[in-house]
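Welcome! Have the structure ready, and try each task before you look at its solution.

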Amino acid sequence: MAQTSIRQLEADLWSAADVLRSNANLNANQYCMPVLGLLFLKYAYGRYKKVESELMKSRPMRNGVPMPITAQDFRAKSALYLPREAQYDYLLNLPNDIASANICDEEGRHLSKLGDVVNYAMRLIEKQSDQLKGVLPDTYDIFQNETLADLLRIFNNDKIEQVGGDIIGRIYEYFTGKFSKAVADGDGVFFTPKSLVQMIVNIIEPKRGTVLDPACGSGGMFVQSGDFVNNMGMNANSALTFYGQEKVDYNARLCLMNMAVHGLNAIIKSGDDANTYAKDAHNLVGLCDYVMANPPFNVNGVKEATVSGSNRLPFGLPAVNKDKEISNANYLWIQYFYAYLNNTGRAGFVMASSATDSQSKDKLIREQLVKSHHVDCLISVANNFFYTLSLPCTLWFFDKNKREENRDKILFIDVRNYYTVVEKTLNEWNEWQIRNINAIVWLYRGETERYKGLIDLYRMWLNDFLLRYGNSLAHPAEDSWQAVRDVISDGLASFKLRLKEFEEQMKATKKKAEKTKLKELVAETADQVAEITDAFEVINQAIWLTDKFGNDGLYQDMPGLCCIADIADVEAKNFSLTPGAYVGVEEVVYDDIDFEARMKEIHAELESLQNQSAGIFKTIKANESLLWK
């Protein structure tokens, strides 16, 4: 499903759920956690069915009958086991008269209300995971049967099933983002976009050891780390130990739910004991293999007394104001992340762009960080990557185990002009863009074979696409990326024309049978147009990468994109870590432009603007004279 369709689906589900909230006379605090609990259950059930199907493919037989699947089988696959009474379709298909279903809870009580049945389902799930005890919502009895049944039906949307299980997680994130404005007294959920999380995970590569997120929110960093390890054929719970701190209890509950639905174990501390500014809740200074986080930006008001003398500030205290408060907490977080690493650890985190060249005490701390030789990479990110915020940011990476060739070097990447527009106020990196940016880091690290592996992946993906469309698309006249793009571009235009013709024929005919057949052709051709459009994006990304570094991965600094700078270069720029200061501006090649004609156009535009400006100024002066009469 296209990104725009996914966004529409999210909005439709939210709109329907919010109407029910209004009709039920419930406020956001009463409503949000139960609704998220149902989304959790739907997501968990999708993963449950997928894992169940995988397990059945290789199930041992006894007397010709497959061995029964156990909860332990699901744990081995990093998935949550769901007893029958806690499965989504079971709850969805209950009769209107709940009492007639003869459902009894764990204490033998006969249940006659849907809310009580859902509460029972949540308790059954909590028994499957120690970390979920006391976490799942248990207030479904406040809902009328009809309202709760309607919610179950809303989240069973057919479009969700067409997309697959992963989309539930995104909708879950969308809902929590919508609720965050009304929950936790302004201290609500602050989500890290999935593409930023994926980039951080891909670059620090958490494989084995201890992972800490001291501002863990809903646990997205942990989930992506788990997927990273599982995709390598390993078991995330065996390879990684997850620790999290989250001051807001509401957020911590979301984190534990998110971890459980992905079958991951975590040690999460919340509340006052988990206020990271003041406390190292897990005593992990110097012990972490990986640290990743998206902390709150530009926080002020942290009391000096709560952080003075901390062993998490190896480079000193940031600036303190007259009220004995830290003026800006960015360099508290940055130092904490550094201090938690062991001698070979890596850190990746999101930070306000202003932190790369802030002055005063920040600059002195940044100088020491640079001279530690452990600053590895910085990536400038465009605006509009967050659901609820529009600010740009920078991804920072530390590595205490750099290869010797990079010991005195830092990689700067500026991709503020490289992203996919999802909608007017939301950008992201698609999967190929993430791979391309990651590939620049590979080349910096001397991992050329991984770069070549990505080029092979592009070739395999595009070859598979061309084979599937072998009878519909021409074959490239030569073995080049551009030739493939020309073929795909021509094919896309042809299929779009075909789609338009079918649509016009469908509108023109009044014959029911013919209209039905044309409707099928329109749907089929629309799917083909979408697939060819995806292929066109893939080939464009392949060309973007190979135009810069070739098929063999020969790294070179690219103006406007990337630069490897020596520490001496950084010192010469007053220890600024702003990528744009090093990569400069992309060279623009102007082809087939009549400069003389264009300059005449520009002068004409300028003259017109000047005339407008003069008229506006004249009007202002006239109004001003009237004002003072």
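**Exercise 1.** In this predicted model, H9 and H16 are roughly parallel to each other. Work out which angle lies behind this and which residues meet.

*Solution.* 
- Step 1: Find the two helices. H9 covers residues 194-204, and H16 covers residues 431-444.
- Step 2: Look at their axes, which come within 10 Å and cross at roughly 30°.
- Step 3: List the partners. From H9 come Ser195, Gln198, Met199, Asn202 and Ile203, and these meet Ile434, Ile437, Asn438 and Val441 of H16.
- Step 4: Sort these residues by class, and you get five nonpolar, four polar and no charged residues.

**Exercise 2.** Describe how H17 and H18 cross, and name the residues where they meet.

*Solution.* 
- Step 1: H17 spans residues 448-468, while H18 spans residues 481-508.
- Step 2: Their axes come within 12 Å, with a crossing angle of roughly 30°. That makes H17 roughly parallel to H18.
- Step 3: The crossing of these two helices, H17 and H18, is left-handed.
- Step 4: On the H17 side you will find Ile455, Tyr458, Arg459, Leu462, Phe465 and Leu466, which meet Trp481, Val484, Val487 and Ile488 in H18.
- Step 5: The contact of H17 with H18 holds nine nonpolar, no polar and one charged residues.

**Exercise 3.** Are H17 and H19 roughly parallel or roughly antiparallel to each other?

*Solution.* 
- Step 1: Locate H19 at residues 512-549.
- Step 2: The axes of H17 and H19 come within 11 Å and cross at roughly 150°. H17 and H19 are therefore roughly antiparallel to each other, because angles over 145 degrees count that way.
- Step 3: H17 passes H19 in a left-handed crossing.
- Step 4: H17 contributes residues including Tyr451, Leu454, Trp461 and Arg468, and H19 contributes residues including Glu531, Ile532, Val538 and Phe549.
- Step 5: By class, this contact of H17 with H19 has 14 nonpolar, two polar and three charged residues.

**Exercise 4.** Now for a pocket: which residues are closest to the centre of the second largest pocket?

*Solution.* 
- Step 1: Start with the volume of the second largest pocket, about 350 Å³.
- Step 2: Of the 15 residues that line this pocket, Asp414, Pro559, Gly560, Leu561 and Glu586 are the closest to its centre.
- Step 3: The lining of the second largest pocket divides into seven nonpolar, three polar and five charged residues.

Terms used
Residues numbered from 1 in each chain as written. Predicted model: local features only at pLDDT ≥ 70, side-chain atom pairs only at ≥ 80, totals over all residues. Heavy atoms only, no water. Axes fitted to C-alpha atoms, helices over the stretch in contact; angles between N-to-C directions. Helix = DSSP H or I, 4+ residues; strand = E, 2+ residues; numbered from the N terminus. Parallel < 35°, antiparallel > 145°, perpendicular 65-115°, else oblique. Left-handed = near helix turned anticlockwise from the far one by under 90°. Contact = heavy atoms within 4.5 Å. Nonpolar A, V, L, I, M, F, W, Y, C, P; charged D, E, K, R; others polar. 1 Å grid on protein atoms, 1.4 Å probe; cavity = no way out; pocket = protein on both sides within 12 Å on 5 of 7 lines; lining within 4 Å. Points joined across faces, edges and corners; volume = space filled by probe spheres on them.
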